[in-house]
Amino acid sequence: MNRTVFIHRLLSIALALLVMSCSSDETQAQAQNYATMTQKMYITIDGRTQAVTLADNSATRELVAKLQEAPVTVTLSSSGGFEIWGALGFSLPTSNEQINTQPGDVMLYNGSNICIFYGTNSWSYTRLGRIDGLSASELSAFLKAGESNISVTLSLGNATGINSRRTDKHSSRAYTLQGSLAQAGRKDIIIQNGKKIAK
């Protein structure tokens, strides 16, 4: 083997090792990033609720502020065999990057669309978070993979869609068990100041 061929092979091996190392570093950094996140959002579909660990960025901070006012319900549809997606009805700030999505990832697309993945894709997104603790097959069932017009509720409260208690002027508001603002004089079970009240 002549010296040129030897150097060429050595450089090829070094390059392959560098690419593998970068890919591993990216995966490890993403896992570590999620491990340090604590803010939760909840996704409710057809009466079933799953927790989402949110990323820490301007988009999620603005989303949390929006959800502190009231839960948001959107209509999403399956696309491409790997996601459900649709319009949020409002815009959030973007910090787009090329991302190889994994099942469970929740992404912002074009600033005003939410994408929830049960498969993989590579595109420019702003990361919102990740659904906790479901396998790819469980995600497909939960997200109603392959269906259209899926009603999805985003909230900061587990199961009921009721937001956590706030200490400002909104803390005295009353909500139905579905998470919407209760009308004055409504006779039903409502949530007020973090407590269930029968009226």
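Student: Is Thr44 buried or exposed?

Tutor: This is a predicted model, and burial is read from relative accessibility, with buried meaning under 20%. Thr44 has 15% relative accessibility, so Thr44 counts as buried. Thr44 belongs to strand S1, residues 40-45.

Student: Which side chain does Thr44 join in a polar contact?

Tutor: The partner is Thr49. The two side chains meet in a polar contact of 2.8 Å.

Student: Let me step back. How many helices and strands does the protein chain have?

Tutor: There are three helices and twelve strands. The chain has 199 residues, and buried residues make up 39% of them. Look also at contacts between residues at least 6 apart in sequence: 56% of these join residues at least 24 apart.

Student: How do I read confidence? What pLDDT does the protein chain average?

Tutor: Start with the general idea. Where pLDDT is low, the predicted coordinates should not be read in detail. Here the chain averages a pLDDT of 79, and 60% of the residues score at least 70.

Student: Over which residues does pLDDT stay under 50?

Tutor: Residues 22-36 are one such stretch, and the model gives them eight contacts beyond four places in sequence. Residues 159-171 also have pLDDT below 50. That stretch has 27 contacts in the model beyond near neighbours in sequence.

Student: Take Ile116. Which residues is Ile116 in contact with, leaving aside its neighbours within four places in sequence?

Tutor: The contacts of Ile116 include Ile43, Ile84, Ile131, Leu143 and Val152. Leu76, Phe82, Glu83, Asp105 and Val106 are also in contact with Ile116.

Student: On to strand pairing. In which sense do S3 and S4 pair?

Tutor: Read the direction, then count the bridges. Strand S3 (residues 72-79) and strand S4 (residues 83-87) pair in the antiparallel sense, over three bridges. Ser78 has Ile84 of S4 as its bridge partner. Three residues lie between the strands of this hairpin, and there Gly80 takes a positive phi near 70 degrees.

Student: Over how many bridges do S4 and S7 pair?

Tutor: S4 and strand S7 (residues 113-117) pair over five bridges, again antiparallel. Follow Ile84 across: its bridge partner in S7 is Ile116.

Student: Next, the rings. How many aromatic pairs are there?

Tutor: The count comes to four. To read a pair, check the distance between centres and the angle between planes; under 30 degrees counts as stacked, over 60 as edge-to-face. Phe82 and Phe117 are stacked, at 6.1 Å centre to centre and 5 degrees between the planes. They sit 35 residues apart, Phe82 in the loop between S3 and S4 and Phe117 in strand S7. Both are buried.

Student: What kind of aromatic pair do Phe117 and Tyr125 form?

Tutor: An edge-to-face pair, 5.5 Å centre to centre with 75 degrees between the planes. Phe117 has a relative accessible area of 0%, so Phe117 is buried. Tyr125, at 3%, is buried too. Ring pairs link Phe82, Trp85, Tyr109, Phe117 and Tyr125 into a cluster.

Student: Why does Asn149 count as exposed?

Tutor: Exposed means over 50%. Asn149 has a relative accessible area of 63%, so Asn149 is exposed. Find Asn149 in the loop between helix H3 (136-142) and strand S9 (150-155). Not counting residues up to four places away in sequence, Asn149 touches Thr75, Leu76 and Ser77. Its C-alpha atom is 9.1 Å from that of Val74, which is 75 residues away along the chain.

Student: One last residue. What does the side chain of Ser155 reach?

Tutor: The side chain of Ser155 reaches the backbone oxygen of Gly157, at 3.0 Å. Ser155 lies in strand S9. Ser155 counts as buried because its relative accessibility is 0%.

Methods
Residues numbered from 1 in each chain as written. Predicted model: local features only at pLDDT ≥ 70, side-chain atom pairs only at ≥ 80, totals over all residues. Heavy atoms only, no water. Contact = heavy atoms within 4.5 Å. pLDDT = per-residue confidence, 0-100. Helix = DSSP H or I, 4+ residues; strand = E, 2+ residues; numbered from the N terminus. Buried < 20%, exposed > 50% of the residue type's maximum accessible area, 1.4 Å probe, protein only. Polar contact = N/O pair within 3.5 Å; in protein donor to acceptor, adjacent residues only side chain to side chain. Pairing = 2+ DSSP bridges. Phe/Tyr/Trp six-rings, centres within 6.5 Å; stacked < 30°, edge-to-face > 60°.
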